[in-house]
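This report describes selected helix packing, aromatic contacts and local backbone features of one protein model. Please consult the sequence and structure shown here while reading.

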Amino acid sequence: MLISCTGIHKFYNGNHVLDGVSLTVENQDRIGLVGDNGCGKSTLLRILTEQELPDAFEHDEPVIAQATHLRIGYLAQNAGLDGSRTVAEEMNDAFRPLNEAKETMRALEQKMETAPLSESETDEYARLSAFFEINDGYTTDVRIRTVLYGMGFGEETLSRTVSGFSGGEKTRLALCRLLLSAPDLLILDEPTNHLDFRTVGWLEEYLKSWRGALLIVSHDRFFLDRLCTSICELERGHLTRYKGNYTAFTALRAEARERQQKEYEAQQREIAKLEDYVARNKVRASTAKAAKSREKQLEKIERIDRPYAAAKTAKLQFTYAVTPPIDVLEVKNIDLTVGSGSQKKTLAEGISFTVRRGEKLGIIGENGAGKSTLLKVLRNILPHKGLVRWAAGTRLGCFEQESESLNPYATVFDELHDRCPSLSDFEVRSLLGQVRLTGENVFKETGVISGGERAKLCFAILMTEHGNVLLLDEPTNHLDLATKEILEQALADFDGTILFVSHDRYLLDRLADGLLVMENGTLERFSGRFSAYQEQVRRRTELEEQAAAEEKSKKAAEKAAQSAQNSYRSKEMRSLAAKRRAEQTRIEQEMDALQIEEAELQASLSDEAVISDYEKMNAACTRLDEIHKTLDELLERLIELEEA
């Protein structure tokens, strides 16, 4: 057990936010914490990390227990850093114990150079060395660069000061530092905010091999699906834990609510039956005793709460009357541009694809790739080159990302009524009620309602359009989890054609049977689910990294071979030069000796003893000829060596 809490209560403005919550986190647990906005998720995390105290409650005292020396890492929303420090300083701060050990070891090593260490100092050095090696102290620089690169930061960021980064970048840097510190329990509150597809994918892979426990609050259901082995739901102050990932949780919760609903209804029937018996028989003397017994029985019943699912939820259904042909859309050689004149910018060129009836295609790509622009071109809102041809009988239903077509000064009621003048006031109110826009909210101006309420109004409008082709731009933005699930089910039940832009990976994986991937100014079609696409990207990235590593290794080998060859040639040349110098010295010495001998022989030719003796005279002349010939040969060789 790493941490355990029981009987946790918390009140805010009279609301019982946490009602007797209990939770135990074991080592290697992978827990996702979910619930509606404002249900108390972040409050519970602050209590677990001792940043906030629970409220005392009658007969239910809060208890929080932790393992000895437990290290908790907590990434809150909008986590900040020291703006005056560099990124390298902040990242190295995660290894403070290792750095302190390193400094102490250096001091002891310097002392060793001048004097022997005492026994206690030797023991301290051995302990620090073991600690440093066990915790991979020699690889801190590599680990820092690995995490920074994975989170989208390059080598140049190490020397930059933290104050120069945006809020989202600072949150990512705080997450980097937290990952490097490797706590026993890692608590993350919305960690995927400000992250793109690639970075979220890297973070998922990194956390899969996390040695400690994870407690994650997130609205990214795909993230929860890939990492979590249990889901804890906070609902009306109570916490319920389910085994499995988010997909398993939704199924188990539905079963539990259905079971609870049946139990609730059965108990209500039993209570009504007992209350009716008491009411009819309490005043009659002959049955008063039996009625009293039923009253005691009623008092002993432990009442089952009305299931939360019994509360009204949005109801979405998209229908159409006209069925289009099989080939719904043909797009051929279109260019996507934004701006005009000198500000004109081309986002993509030569885009071509076709869409058949019933296909549900997700459009993905980095921000600025042209996804929303493509939808506007398909709707003929923006001018373009190339062909966009819709089949006869096609009727479009559109959802805009920022609800741009809404009149900000019109009320919610008038906005829908003006678009559908044939509907009666009652029908307009009923349709708004379906998307849970009720009461006074329908008389608010669309410019002041929340993003989630504007999205719901747009869905109400979308249902009145009865399009057989739906064009949706980020349809799950601003929606809570419950409404997202309802929308996903409605879109899954829709048997028409859907083209939608989304960063919601759970929606993409559940709804899209194919993808249009916009990248580097091109569009590539992928047939299959989003999870299959991610696996393909992962394999491709691995192959590219492997190829890059092999190329690097090959170049290193070639460089080493060239260096060795150059070294060999250099040695050979030095050896030849040494031999030449030795030969030159030998020749010069030999020529000096011959020249001395030549001078002696020349002098002997004037001697009477030699002149009068024919044999001596002949021998001296013969030897002089040999010396001259040898000197000529040696001189030629000496010239060759000097030229070489």
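## Helix packing

Helix axes are lines fitted to C-alpha atoms, over the stretch in contact, and the angles between their N-to-C directions run from 0 to 180 degrees. Helices (H or I, at least four residues) and strands (E, at least two) are DSSP runs numbered from the N terminus. The model is predicted: local features need pLDDT of at least 70 and side-chain atom pairs count only at pLDDT 80 or more, whereas totals for chains, interfaces and linings use all residues. Residues are numbered from 1 along each chain as its sequence is written, and side-chain values use heavy atoms, with hydrogens and water left out.

The axes of H9 and helix H10 (residues 288–300) come within 9 Å, with a crossing angle of roughly 150°. That makes H9 roughly antiparallel to H10 (angles under 35 degrees count as roughly parallel, over 145 as roughly antiparallel, 65 to 115 as roughly perpendicular and the rest as oblique). The H9 and H10 crossing is left-handed; a crossing is left-handed if the near helix is turned anticlockwise from the far one by less than a right angle, and right-handed if clockwise. On the H9 side, the contact is made by Glu 270, Ile 271, Leu 274, Glu 275, Tyr 277, Val 278 and Asn 281, and on the H10 side by Ala 288, Ala 290, Ala 291, Arg 294, Glu 295, Gln 297 and Leu 298. Contact means heavy atoms within 4.5 Å.

For helix H12 (residues 412–419) and helix H14 (residues 451–465), the axes come within 10 Å and cross at roughly 15°. H12 and H14 are therefore roughly parallel to each other, and their crossing is right-handed. Val 412, Glu 415, Leu 416 and Arg 419 of H12 meet Leu 457, Ala 460, Ile 461 and Thr 464 of H14.

## Aromatic pairs and charges over rings

A pair of aromatic rings is described by the distance of the centres and the angle of the planes. Rings of Phe, Tyr and Trp (its six-membered ring) pair if their centres lie within 6.5 Å; planes under 30 degrees apart count as stacked, over 60 as edge-to-face and the rest as tilted. The structure contains 14 aromatic pairs. In one of them, the ring centres of Phe 132 and Tyr 138 are 4.8 Å apart and the planes stand at 90°, so the pair is edge-to-face. Phe 132 is buried, at a relative accessible area of 4%, whereas Tyr 138 is exposed, at 61%. Here buried means under 20% relative accessible area, exposed over 50%, and partly exposed in between (1.4 Å probe, protein chains only).

Tyr 246 and Phe 249 form a tilted pair, 5.4 Å centre to centre with 55° between the planes. Both residues lie in helix H9 (residues 246–281), 3 residues apart, about one turn of the helix, and both Tyr 246 and Phe 249 are buried. Elsewhere, Phe 197, Phe 222, Phe 526, Phe 530 and Tyr 533 form one aromatic cluster.

A charge sits over a ring if NZ of Lys or CZ of Arg is within 6 Å of the ring centre and within 35 degrees of the ring normal. The charged end of Arg 160 sits over the ring of Phe 165, 3.9 Å from its centre. Arg 294 lies over the face of Tyr 277, 4.4 Å from the ring centre; Tyr 277 and Arg 294 also belong to the contact between H9 and H10.

## An enclosed helix

In helix H11 (residues 371–378), 6 of the 8 residues are buried, so the helix is largely enclosed by the rest of the structure. The buried residues are Lys 371, Thr 373, Leu 374, Leu 375, Val 377 and Leu 378. H11 is followed by Asn 380, with a positive phi near 65°.

## Positive phi at asparagine

Most residues other than glycine have a negative phi. Asn 333, in strand E10 (residues 327–338), has a positive phi of about 50° although it is not a glycine. Its relative accessibility of 46% makes Asn 333 partly exposed.

Asn 520 likewise has a positive phi, about 55°. Asn 520 lies in the loop between strand E17 (514–519) and strand E18 (522–527) and is exposed, with a relative accessible area of 76%.

## Ser 604

Ser 604 belongs to helix H17 (residues 530–604) and is partly exposed, at 21% relative accessible area. Apart from neighbours within four places in sequence, Ser 604 is in contact with Val 610 and Ala 620. Ser 604 and Gln 434 are 170 residues apart in sequence, and their C-alpha atoms are 137 Å apart in space.
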